[in-house]
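Here is a friendly briefing to read alongside the model. Have the structure open as you go through the points.

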Amino acid sequence: MGMVSKALQEAFEIFCNKKVAGSSSNAELLATFCDNLLKKGGSENLSDEAIDAWLENVVEFLVYISDKDLFAEFYRKKQAHRLLFDRCSNEGHERSILTKLKELFGREFTFQMEGMVTDMTLARECQNSFEEYLATNMTANPGIDLTVTVLTTRFWPRYKTCDLNLPSEMAKRLQWISSLGTCHIIGKFDQKPIELIVSTYQAAVLLLFNNTERLSYNEMLEQLNLSHEDLIPLPPMEERKKVVEDVDRDRRYAIDASLVRIMKSRKVLGHQQLVSECVEHNSRMFKPDINMIKKRIEDLISREVVRILTF
């Protein structure tokens with residue numbers, strides 16, 4: 001019976017890790033499913049109990065996914081978007097799935113995710129304090145409604161920053177990740193005023209025309225201090241490709257760390273055994289590519305980080 005059980009488990013793992021829907025992986029699809037459950041409007045017809053049950057199923061299913069680190073990165077990117085743009089349907093559910101993930105995969109797996117949720121709680125407190133400060137210090141008031149989210153860098157995905165020359169109303173005292181911002185501005189048109197909801201870049205461009213009726217592209221480029229890529233702008237890099245690249249980089253770091261730890265403890269080790277032990281070290285989070293391990297060994301040898309190997 002034990003052998004039948006093991007065979008069924010192995011077959012299920014193979015099934016769970018097959019590529020589906022073109023280039024999508026089950027790790028990505030699982031993260032997207034979680035996002036749909038957790039964001040506003042994604043699960044309106046489900047009770048809190050039903051959502052919690054689905055999240056429990058997701059975590060149980062994740063046990064069979066080999067690329068758990070890929071799931072974590074896709075999940076983190078989508079979670080960041082929900083949190084930053086106020087699209088979480090229920091913060092309790094956000095914390096609930098993180099508790100389940102931490103119980104199964106350890107604190108390191110959810111460290112950044114939990115940090116983001118805590119950051120948003122602290123940011124709300126900071127915003128309330130900021131509003132109280134402005135109410136009692138009218139000279140500091142920027143004259144516009146301003147909501148600021150202060151983040152701890154190490155918890156969040158890396159976002160593109162630039163030295164955009166902001167309008168004076170927005171530029172006081174703060175460093176901005178302008179690529180994430182949105183602005184509500186009033187366009188004074190002949191027929192009637194219209195509220196425009198635009199990105200920070202778009203707002204900065206439009207506000208230039210408060211002072212002049214005509215501007216050339218090069219003048220806008222110079223006044224805003226933007227690059228050509230941001231002022232046109234070109235379509236952003238495909239999100240999926242960026243996530244995969246980030247995970248690939250993190251895997252190289254993880255493999256390097258494993259190789260160094262193994263060699264420090266074993267001193268001398270055959271090449272194949274070193275590769276096998278490295279696979280074993282990392283298999284809890286992802287299935288290491290053998291060629292990548294061999295390249296990392298070569299790189300460590302060339303940098304004299306690992307000196308003694310028996311081939």
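Leu62 touches Leu30, Lys68, Phe71, Leu101, Phe105 and Phe109, leaving out residues up to four places away in sequence; contact here means heavy atoms within 4.5 Å. Please keep in mind that this is a predicted model, in which local features need pLDDT of at least 70 and side-chain atom pairs count only at pLDDT 80 or more, while totals for chains, interfaces and linings use all residues. Residues are numbered from 1 along each chain as its sequence is written, and side-chain values use heavy atoms, with hydrogens and water left out.

**Overall layout**

- The protein has twelve helices and two strands, taken as DSSP runs numbered from the N terminus (helices: H or I, at least four residues; strands: E, at least two).
- Along the sequence, the pattern reads α-α-α-α-α-α-β-β-α-α-α-α-α-α.
- Of the 311 residues in the protein, 35% are buried, where buried means under 20% relative accessible area, exposed means over 50%, and partly exposed lies in between (1.4 Å probe, protein chains only).
- Among contacts with a separation of 6 or more, 62% are between residues 24 or more positions apart.

**Nonpolar cores**

- The largest nonpolar core has 33 residues, and Leu62, Phe71, Tyr75, Ile97, Leu101 and Phe109 have the most contacts inside it. Such a core is a set of buried Ala, Val, Leu, Ile, Met, Phe, Trp, Tyr and Cys residues joined through side-chain atoms within 4.5 Å.
- At least two residues of this core come from each of helix H2 (26–38), helix H3 (48–62), H4, helix H5 (91–105), H6 and helix H10 (239–266).
- H4 supplies the largest share of this core, seven residues.
- A second, separate core has 13 residues, including Ile255, Leu269, Leu274 and Leu300.
- In soluble globular proteins, nonpolar side chains tend to be buried together.

**Aromatic pairs**

- There are four aromatic pairs in the structure. Rings of Phe, Tyr and Trp (its six-membered ring) pair if their centres lie within 6.5 Å; planes under 30 degrees apart count as stacked, over 60 as edge-to-face and the rest as tilted.
- One of the pairs, Phe71 with Tyr75, is tilted, at 5.7 Å centre to centre and 35° between the planes.
- Both Phe71 and Tyr75 sit in helix H4 (residues 68–84), four residues apart, or about one turn of the helix, and both are buried.
- Phe111 and Phe155 make an edge-to-face pair, with 5.4 Å centre to centre and 70° between the planes.
- That pair links distant parts of the chain, 44 residues apart: Phe111 is in helix H6 (residues 107–136), and Phe155 is in the loop between H6 and strand S1 (182–188).
- Phe111 is partly exposed at 29% relative accessible area, whereas Phe155 is buried at 10%.
- Arg82 lies over the face of Tyr75, 5.4 Å from the ring centre; a charge counts as over a ring if NZ of Lys or CZ of Arg is within 6 Å of the ring centre and within 35 degrees of the ring normal.

**Ser258 and its partners**

- Ser258 lies in helix H10 and counts as buried, because its relative accessibility is 1%.
- Its side chain makes a polar contact with the side chain of Asn282 (3.0 Å). A polar contact is a pair of N or O atoms within 3.5 Å; within protein, one must be able to donate a hydrogen and the other to accept it, and residues adjacent in sequence count only if both atoms are side-chain atoms.
- Setting aside neighbours within four places in sequence, Ser258 is in contact with Cys278, His281 and Asn282.
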